[in-house]
Amino acid sequence: MVKHIILWTLNPELSEEEKQNVKTGIKNGLEGLVGKVPGLIDVKVHIDGRIASSTADLMLDCTLEDEEALKVYAQHPEHVAVASTKVRPYTVQRACLDFVK
């Protein structure tokens, strides 16, 4: 199995209400990919419970069957659509950690 972890920082120009709406949209969009993307086992997007010491606004935690499934996920049209419409327009920083579990 492969873990795919992403940390995002939202655009600081967004209001708190906009940030909450964006986080909810990202969560619903990415978690909705389970069952649609081959090899994608589990997706959790953590949007609540952030404490002051955090340097990111939300976290994606995916489990995929293997490295090939990660490549498929990255290019899958439904994932690309979510990333292009719900994530990239509202984020200013992204950090990624992929590893074999």
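Which residues does T9 touch, not counting residues up to four places away in sequence? T9 touches T55, A56, D57, Y90, T91, V92 and Q93, where contact means heavy atoms within 4.5 Å.

## Basis of the model

This is a predicted model, in which local features need pLDDT of at least 70 and side-chain atom pairs count only at pLDDT 80 or more, while totals for chains, interfaces and linings use all residues. Residues are numbered from 1 along each chain as its sequence is written, and side-chain values use heavy atoms, with hydrogens and water left out.

## Overall fold and dimensions

The protein has three helices and four strands, which follow the pattern β-α-β-β-α-α-β when read along the sequence; helices (H or I, at least four residues) and strands (E, at least two) are DSSP runs, numbered from the N terminus. The radius of gyration is 13 Å, close to the 13 Å that the globule rule gives for 101 residues, so the protein is as compact as a globular protein of that length. That radius is taken over C-alpha atoms, and the globule rule is 2.2 Å times the number of residues to the power 0.38. Along its principal axes, the C-alpha trace spans about 40 × 25 × 20 Å.

Among contacts between residues at least 6 apart in sequence, 69% join residues at least 24 apart.

## Surface, burial and charge

The accessible surface comes to about 6000 Å², of which 52% belongs to carbon and sulfur atoms; the areas come from the Shrake-Rupley method with a 1.4 Å probe, and for residues only the protein chains shown count as cover. Buried residues make up 40% of the 101 residues, with buried meaning under 20% relative accessible area, exposed over 50%, and partly exposed in between (1.4 Å probe, protein chains only).

The mean positions of the 12 positive and 15 negative charges are 1 Å apart. Lys and Arg count as positive and Asp and Glu as negative, without His and the chain ends, and each charge is placed at NZ of Lys, CZ of Arg, CG of Asp or CD of Glu.

## Two buried strand residues

T9 lies in strand β1 (residues 2–10) and counts as buried because its relative accessibility is 17%. A polar atom of the T9 side chain lies 3.4 Å from the backbone oxygen of T55.

V45, in strand β2 (residues 40–46), is buried with a relative accessible area of 3%. Leaving aside neighbours within four places in sequence, V45 is in contact with I26, K27, L30, E31, L58, M59 and L60. One of these contacts, L58, is 13 residues from V45 along the chain, with the two C-alpha atoms separated by 7.1 Å.

Terms used
Polar contact = N/O pair within 3.5 Å; in protein donor to acceptor, adjacent residues only side chain to side chain.
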